[in-house]
Amino acid sequence: MSNYVCVDIGGTALKYGVYNELGENIEEVKSTLVKQTEHGSEIMDAVIAIVSDAIKIYTIDGICISSAGVIDGNLGKVIYSGYTIPNYTGTQIKSILEEKFGITCEVENDVNAACLGEYWLGAGRDSSSLICLTVGTGVGGAIMLDNKLIHGYSHTAGEIGYMSVLGENFQDLASTSSLIKRVIKRKKNKNSKKITGYEIVELAKQGDRICIEEIDAMVHTLALGITNLLYLFNPETLILGGGIMGQKEMLKEKIDKAVSEVIIDPMFNKTTIKFAEKGNDAGLLGALYNFKNKNS
């Protein structure tokens with residue numbers, strides 16, 4: 001059975017593991033921090049070290065990369081990266097790794113990869129059309145229609161966080177980071193500056209009025225964005241991921257109710273809203289699925 005080294009590249013850390021062709025983890029998923037400097041980062045040095053270690057132990061048949069940034073999947077190249085990863089734009093991930101190791105490499109955007117992971121082995125199984133939203137520092141998006149990712153003309157399809165909702169960017173109202181900022185502003189105490197999305201949900205469960213109101217405001221904005229996507233794409237499934245979406249028991253009923261209240265007619269609300277199942281493994285699994293799909 002073939003083995004693959006899979007790496008998920010983020011702005012501050014890399015997650016990685018070795019999987020077989022069935023998506024079974026044969027080496028524990030690990031993570032390492034990426035050192036940032038004024039002149040860039042050590043991302044590719046770290047990836048090369050990860051692959052070098054893997055091939056000492058296993059016969060590796062492919063290198064599967066999920067990466068932050070706008071990715072040209074055909075070239076395996078980063079064509080745009082924001083300020084969070086300095087000097088990453090233009091990085092030729094695929095050619096660097098293939099020239100170094102002589103092993104085929106495929107690269108996909110991290111949110112697209114997470115979508116593929118859920119489509120293959122997670123909440124999107126058996127769905128031919130789905131949209132994935134990751135709610136965290138911002139709001140990321142990926143769109144699949146007829147079992148194919150939609151990349152767009154210049155590889156920027158799915159930048160859902162930049163949709164205009166209530167006169168602002170969707171992610172500036174519906175992300176976990178925006179929720180935290182609003183709670184801190186209203187609580188006006190030093191201790192609240194260290195609060196997390198998880199803690200806000202826990203406080204809401206205990207009856208904290210501010211946290212309850214701000215979660216409800218975030219859910220309402222999410223529902224507005226989700227409704228726009230349902231009008232536009234009519235997917236079979238919409239998957240919600242990101243750390244705060246691990247609070248399914250509290251958020252599922254709220255989100256379903258909010259969507260039903262803002263949508264113009266029930267005929268547009270046939271999509272099943274699900275919560276991601278693969279967590280931090282989704283991007284790694286999706287990178288592997290992307291590799292298999294391109295080299296089958």
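The second largest pocket is lined by Glu-108, Leu-116, Tyr-119, Met-144, Asn-147, Lys-148, Leu-149, His-151, Tyr-289, Asn-290, Asn-293 and Lys-294. A pocket here is an open set of points on a 1 Å grid over the protein atoms alone, where a 1.4 Å probe fits, with protein on both sides within 12 Å along at least five of seven lines; lining residues have an atom within 4 Å of a point. The model is predicted: local features need pLDDT of at least 70, side-chain atom pairs count only at pLDDT 80 or more, and totals for chains, interfaces and linings use all residues. Residues are numbered from 1 along each chain as its sequence is written, and side-chain values use heavy atoms, with hydrogens and water left out.

The space in this pocket is about 180 Å³, taken as that filled by probe spheres set on the grid points, which are joined across faces, edges and corners. Helix H3 (110-121), strand E12 (148-149) and helix H9 (282-294) each give at least two residues to the lining. H9 supplies the largest share, four residues. Helices (H or I, at least four residues) and strands (E, at least two) are DSSP runs, numbered from the N terminus. Five lining residues are nonpolar, four polar and three charged. Ala, Val, Leu, Ile, Met, Phe, Trp, Tyr, Cys and Pro count as nonpolar; Asp, Glu, Lys and Arg count as charged; the others, Gly among them, are polar.

Helix H8 (residues 248-262) has 15 residues. H8 reaches 21 Å from its first C-alpha to its last, close to the 21 Å expected at 1.5 Å a residue; the expected span is 1.5 Å times one less than the number of residues. Met-250, Leu-251, Ile-255, Ala-258 and Val-259 of H8 are buried. They cover an arc of only 130° around the axis, so they lie on the same side of H8. The arc is that of the directions from the helix axis to the C-beta atoms. Glu-249, Glu-253 and Glu-261 are exposed on the other side of H8. Buried means under 20% relative accessible area, exposed over 50%, partly exposed in between (1.4 Å probe, protein chains only). The cover over the buried residues of H8 includes helix H6 (197-205), helix H7 (209-233), strand E15 (237-241) and strand E16 (272-275).

Gly-246 sits in the loop between E15 and H8. Gly-246 is exposed, at 54% relative accessible area. Its C-alpha is separated by 32 Å from that of Ile-48, 198 residues apart along the chain.

Asn-3 belongs to strand E1 (residues 3-9). Asn-3 counts as buried, because its relative accessibility is 14%.

Note on methods. Contact = heavy atoms within 4.5 Å.
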